[in-house]
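Work through the exercises below with the sequence and the model open. Each task is followed by a solution in steps.

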Amino acid sequence: MSDLLYMVLVAPFKDMAGAPAFLVEVLIGGVFAGLMYSLVALGFVLIYKASGVFNFAQGVMVLFAALTLVGLLERGAPVVVALALTVAVMVGLAYAIERVVLRPLVNQPQIILFMATIGLNFFLEGFGEMAWGANVKKLDIGIPDRSFIVRGVQINELELTAAVTAAVLVTLLALFFQTTRIGRALRAVADDHEAALSIGIPLKTIWVVVWSVAGVVAIVAGLMWGAKSGVQFSLSLIALKALPVLILGGFESVPGAIVGGLIIGVGEKLGEVYWGPLVGGAIENWFAYVLALAFLLVRPQGLFGEKIIERV
Amino acid sequence: MTWRVALVGIVALAVAAGPWVTRVQAAGEIFIPLLVYRTGPYAPNGIPIANGAIDYFTLVNERDGGVNGVKIAFEECEDQYDTKQGVECYERLKTKNPVLVNPYSTGITYQLIPKAPVDKVVVHSMGYGMTATADGRWFPWVFNFPMTYWSQASAFVKYVAAQEGGMDKLKGKKIAHIYHNSPYGKEANPTLEELARRHAFELTLLAVDHPGQEQKATWLQIRRLNPDWIYISGWGVMNQVAIKEAAAIGFKMDRVVGNWWTGTEVDVIPAGDAAKGYKSMNFNAPGAGFKVHQDINKFLYDKGKGAGRRDGIGEVLYNRMVVNAMLNVEAIRTAMTKHGNKPLTGEQVRWGFENLNLTEKRLEELGMKGMMRPLRVTCENHEGNGQAFVQQWDGKKWNVVSDWIEPIREVVRPKLEAAAVDEAKKLGYTMRDCAKEK
């Protein structure tokens, strides 16, 4: 028993202290991975903020955006043109979703909208496969993927680029929500649909805008994850990595998605590297959920989620 | 309202259209169900697998008029590489009286093993599935020739030893096995552990959870461990990410060796030039330069009857499934030598599998000389006498870089027989006496 306690409570920390450079590398790896998760989580947050809908199709939107981009690149489009066209496709998709899926379901219970996004998920998956094929595609838009060493710590250029991109994206989104007219309208819609409508905020326009922004976030996430693993259908599964981030950060908070991503990323890497070998490894997937659920015990609304107080 | 009616109509048509590829069974034919995964996260692997099998069965029908005049009927069922869906597919297609099934998935194979003797349907898990079923005394209905995961792992260790200068040079070397955290991925572990004990090399086992898109923690541990060799048992996106991660940390790519499900064209594409030098095990030669490929082009693709793209011919997984389908056909042909040239039962085809003797001469006749090794299956040994080789990616194509490697059978077989007893007991099987079956 004492051996077990030593292995769990003492040995990992001794290991960390004994190899500090490696610990830093693990922490950096966790930060980079966490920001990659945040990129996906952001898409969920945006749509949830605007409509209170958990968008089941967010992972597939990432896949669809990446497939469109790489499909255009494969057909000879220059990177800038391909990016612009992909943005146009995602905006068009947002418009179509508002017109065909959301508008007919206004005032329906949230669960109906959630079910609609499940349908959207399978439609986009099938349509994407039909349009662009199911093969793995290399995504090369010039992001370097080499590593360099700083004081014994190895840093990957692709992951560094992704981290910087995520940071820039979050800053832009925060500014968008706080300082622009549409951003404020969006927050009003998120608070209360009917109240927002009563003061003249166009709900339909807001939905198109927010799904478009979520589409652009999906492009960025698709770019980064696609550069890492190639563009393929398993990209849609990265939504699973965003879920613990959302549980932890709250479904309505952009900063929550980032901080949640960082905690999950760092936590799961530390868990896998230092405690994983005790149980045969491969713990990081479920460890992330354990971490998120542990936080929920303390803050049920998530780190940055709004505390809901209802009169009963 | 009109567009909704149109949408419903389109969906109804799509459903009515049914499976992608079907060669409807007629009286006097042999039926083989095809459990495929052309969609979903594993589709990049599933598509060449399905196309290779269909092309060979169609070739036999088109070129030869079937197996000794008996045509092969087949039908695809999409399972998305999902065990539950795969079993559902099997149950649905079972009503068409199949004689054999290729599950194309270790998970599905595990589920079909107990069903095989009940349904009288041969399970052929070629190079995958449960290694213990290679002991035909306990598992008469399951075949995994030409090799098992355990034999493959031992061939890998022999290859490493050859590169290091001999088996004695393995002592003190560090080998890491990065594996898909599933029954498939874990299959090689007991053999590697046994060989590590015998040859005193340091083995580290690192599991990667499905789907394997994020492996940073695993590769951080590799960085710290700094092994001499890495062996990967992956599938799907896990492979692409592993190869990219290996390149990203600057690991010598010619010391990273995948198993034969971790060495296809799609695995190396995302890494681009960084994948140059990466190696993998294989038991079927890559490339489209064999006589059988000429026939496939002439009889199928030139006539618009090919199952896939012409440029997919010769890919690693495509070729593997051409070999798989050929082995199915030759087992049926063997069964016909005893039971006559007519549609056979599963029981009769099982005899054909168990008495398959594929000679060099026969491989040449089939236009597949050099594509695989001659093979002999027996009542006791359902793995056969297969051998593996190592191939290496040069940035454009796979090249064979080793001789055929004989597995370390003196290690593998006793462990396999012991495991067969354990697994068979779970199913309540008794051992048969092969001497009485000759």
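The radius of gyration is taken over C-alpha atoms, and the globule rule is 2.2 Å times the number of residues to the power 0.38. The model is predicted: local features need pLDDT of at least 70, side-chain atom pairs count only at pLDDT 80 or more, and totals for chains, interfaces and linings use all residues. Residues are numbered from 1 along each chain as its sequence is written, chains are lettered from A and ligands numbered from 1 in the order in which they are written, and side-chain values use heavy atoms, with hydrogens and water left out.

**Exercise 1. Overall form of chain B**

Task: Determine what radius of gyration chain B has, and what a compact globule with 438 residues would have.

Solution. Step one: for 438 residues, the rule puts a compact globule near 22 Å. Step two: chain B has 22 Å, which agrees with the rule. Step three: the C-alpha trace of chain B spans about 70 × 60 × 40 Å along its principal axes. Step four: of the 438 residues in chain B, 60% are buried (buried means under 20% relative accessible area, exposed over 50%, partly exposed in between, with a 1.4 Å probe and protein chains only). Step five: take the contacts in chain B with a separation of 6 or more; residues 24 or more positions apart account for 70% of them (contact means heavy atoms within 4.5 Å). Step six: chain B has 16 helices and 15 strands, where helices (H or I, at least four residues) and strands (E, at least two) are DSSP runs, numbered from the N terminus.

**Exercise 2. A helix pair across the two chains**

Task: Describe how helix α11 of chain A and helix α9 of chain B pack.

Solution. Axes are lines fitted to C-alpha atoms, for helices over the stretch in contact, and angles run from 0 to 180 degrees between N-to-C directions.

Step two: A:Lys269, A:Glu272, A:Val273 and A:Tyr274 from α11(A) meet B:Lys216, B:Ala217, B:Leu220, B:Gln221 and B:Arg224 from α9(B). By class, this contact of α11(A) with α9(B) has four nonpolar, one polar and four charged residues. Here Ala, Val, Leu, Ile, Met, Phe, Trp, Tyr, Cys and Pro count as nonpolar, Asp, Glu, Lys and Arg as charged, and the others, Gly among them, as polar.

**Exercise 3. Helix α10 of chain A**

Task: Which residues of α10(A) are buried, and what covers them?

Solution. Step one: eight of the eleven residues of α10(A), residues 239-249, are buried, so this helix is largely enclosed by the rest of the structure. Step two: the buried residues are A:Ala239, A:Lys241, A:Ala242, A:Pro244, A:Val245, A:Leu246, A:Leu248 and A:Gly249. Step three: their cover includes α2 (20-51), α3 (58-74), α11 and α12 (284-298) of chain A. Step four: A:Gly250 follows α10(A) and has a positive phi, near 95°.

**Exercise 4. Backbone exceptions in chain B**

Task: Where does B:Pro146 lie, and where is the place of B:Asn226?

Solution. Most residues other than glycine have a negative phi, and most peptide bonds are trans. Step one: the peptide bond from B:Phe145 to B:Pro146 is cis, with omega near 15°, and B:Pro146 lies in the loop between β6 (142-143) and α6 (149-164). Step two: B:Asn226 has a positive phi, near 50°, in the loop between α9 and β9 (229-233). B:Asn226 counts as exposed, at 52% relative accessibility.
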